[in-house]
Amino acid sequence: MTQNNNAEILKVEGLKAYYQMNYFGVEREVRAVDDITVTMRKNEVYGIAGESSSGKTSFIKVLAAAIRPPLRVVAGTAKYNFASGPIDVAHATPEEIEAVRWKHLSYIMQGSMSVLNPVRRIGKTFQDFAQRPLGLKGAEFESRVVNHLARLNLSPDVLRAYPHELSGGMRQRVTIGLATVCHPEFIIADEPTTALDVVVQKEVLSLIRDIQKEMGASVVFVTHDMSVHANVADRVGIIYAGRLVEEGPTRDMFFAPKHPYTAHLVASLPRIGDRQQRPALEGRPPNLADPPQGCRFHPRCPLAVDKCRKEVPPLETIGPDHRTACWRWKDVEPLVNVSAPSGEMA
Amino acid sequence: MTTLLDVRDVSKRFTMGGLFGRRVVDAVVDASFSLSAESPEIFTIIGESGSGKTTLARMILGLEDPTSGEILFRGKKVDRHAGRAERLDFMRHVQPVFQNPFEAFNPLKQIERYLESTARRFLDTGDKAVIDRAMDEALQKVGLSLKEVRGRFPHEMSGGQLQRCAIARALIPNPPLLIADEPVSMVDASLRMSIVNLLKSLRDDLKVSVIYITHDLATAYYISNRLIIMQRGRIVEMGDARTVLEHPEHPYSRLLKASVLSTDDAGAGKLGTDPAMLDQANDSVGRAGELVQRPDGRHVRVYA
Ligand SMILES: Nc1ncnc2c1ncn2[C@@H]1O[C@H](COP(=O)(O)OP(=O)(O)OP(=O)(O)O)[C@@H](O)[C@H]1O
Ligand SMILES: Nc1ncnc2c1ncn2[C@@H]1O[C@H](COP(=O)(O)OP(=O)(O)OP(=O)(O)O)[C@@H](O)[C@H]1O
Ligand code: SF4
Ligand SMILES: [Mg+2]
Ligand SMILES: [Mg+2]
């Protein structure tokens, strides 16, 4: 499913984005995105995984041109190559961003259910956001929206509802509807299916895939849920402590990961039938205000050696489309599958 | 057995008024179950999105009146309109953790303020040291500390951190019943395990009963004693969690289990669902049927 011959639509280079705060005279800096270089292509789904507070949302806020203080881009670029022309969203003006929003670039925020305006009916929100980019009016606009909602398994009634009258999962589908109704070139979705039951989740995921294929669009899909990536992504990138530590074709990432952290993520996935806890990582997640020296994973890494504590491993290419940042990537293989306890499989 | 919680034939109907006429939603239809006071358990609610799980939780919390039926907590009717003192006493015993941590916290208020007001209210003290200790203890139980949280606003935390703060807040009054509405949907696999293990230890060590609402069948299997599965407002299957999840009987329950994404075919893009299973599950939507008991103890909704 990899399409490495497809044209690049987004090129991120050396991106650093920090939260810079001042509390009562004390400076604090959270280095949530710390030197990420990555390329995304037309017509692919790129999955971003990583533990809570690793910087996934911060990273894609930059990609989505939703950078608000105290988050600041400190270095690097994020250049899109849209049909309407190139734009570096890390440095674009609000007007330039406004011009691409919804039509070319759309963003489904994490916890986006709460983003819906509580005193506006859903139908009004659709008008606010989608009417102008779609260039449709009245009945024509309405029928486009209704048809689109139907694909998300939502009845036209939701257009008359206020957000609080819908369940969490219904709201989540509404925001997916908002983000996809204008058929943008690039869709960024942050945990878009976490509040859905597994039946609807699957439907929504295949809908996102369908829309993506139909339009030849690109999707960046952020979730900590590895089983979603397994079934949706063409490529998966793993973020640890603000850095991209491994990236590769989905299959390779699951069956031949080359970073101990990826190996852990894959092995720790709970399954129905587990009566025992799967092995957790030792130690605490890193503090992004004061990340560990050298490889940031070293305090929790089963393979760590002295070098890891001192020198930052570079993200090197080790196979087709496959990059990893680990001094000992050749020794990762034995870690795969050893740690899964033998719960009876569902 | 004395009951901690008794949900008796509870239904909830919403009327959505609109320009184009009214529409009613039967969010919960005739739900009944009870939790024992002697043996604390994790009672799990799984179900369709929009099937009434949150509505049921809100009724148990006395945030919403049932349209019919009643809910008793320790034999006393849960009453949204009770006096202030009585409400406070009730809240001391039954605490919520809500679905979306981004909604649960006021974005303009520092997180510790939120914890602090809960502590002040329930511990009935103004002593700063006592309040700080209670906050720190509660935060430690969820793997955080007051030091880490102090001075932070909700948007300065990740989803997972925020959800742990929400659980910490609920733990402050040491309630015997916790109602956790999708407490783990925002967090990664290892944190998810640490949170469900936390719920487990609350049950085993502190004798707290937990109503655990989730879409995650793996953790439901791992920690629940009993569970119910809901479809469009109705309980369609109820029983011992492992019995039900190992061999679900109702067509919707079976569809649910079959839809869990697996990583076995990672990279193959498999997102199809067996249409026959979907049809069978949809067939029961809106039909009353009848809950009957099976020899293995579970209850299943069957249709004539
Ligand atoms: N507005 C903010 N101000 C200060 N710090 C912030 C802000 N938003 C996030 N952070 C911090 O930045 C780090 C990265 O957070 P981010 O939200 O990007 O994580 P995430 O990977 O999306 O996590 P999750 O899976 O829990 O959503 C965390 O340490 C978080 O506390
Ligand atoms: N205040 C309200 N007014 C009108 N309808 C409502 C209201 N609250 C909920 N509903 C409706 O009741 C039904 C059940 O909603 P509820 O939030 O209980 O579902 P849920 O099972 O928690 O779903 P999810 O898994 O998506 O969170 C939905 O159809 C919803 O639209
Ligand atoms: S570089 Fe060293 S510490 Fe980092 S992941 Fe590789 S082996 Fe582990
Ligand atoms: Mg996030
Ligand atoms: Mg809900």
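The shell around ligand 2 comprises 6 nonpolar, 12 polar and 4 charged residues (nonpolar: Ala, Val, Leu, Ile, Met, Phe, Trp, Tyr, Cys and Pro; charged: Asp, Glu, Lys and Arg; polar: the others, Gly among them). The model is predicted, so that local features need pLDDT of at least 70 and side-chain atom pairs count only at pLDDT 80 or more, while totals for chains, interfaces and linings use all residues. Residues are numbered from 1 along each chain as its sequence is written, chains are lettered from A and ligands numbered from 1 in the order in which they are written, and side-chain values use heavy atoms, with hydrogens and water left out.

Ligand 2 is located between chains A and B. Of the 22 residues around it (a heavy atom within 4 Å), the nearest are E165(A), G169(A), G50(B), T54(B) and T55(B). At least two shell residues each come from helix 5 (168–180) of chain A and from strand 1 (3–16), strand 2 (23–36) and helix 1 (53–60) of chain B; helices (H or I, at least four residues) and strands (E, at least two) are DSSP runs numbered from the N terminus.

Oxygen atoms of ligand 2 lie 2.5 Å from a polar side-chain atom of T55(B), 2.7 Å from a polar side-chain atom of K53(B) and 3.0 Å from a backbone N or O atom of G52(B). Taken alone, ligand 2 exposes 640 Å², of which the protein buries 91% (Shrake-Rupley method, 1.4 Å probe).

Technical notes: Polar contact = N/O pair within 3.5 Å; in protein donor to acceptor, adjacent residues only side chain to side chain.
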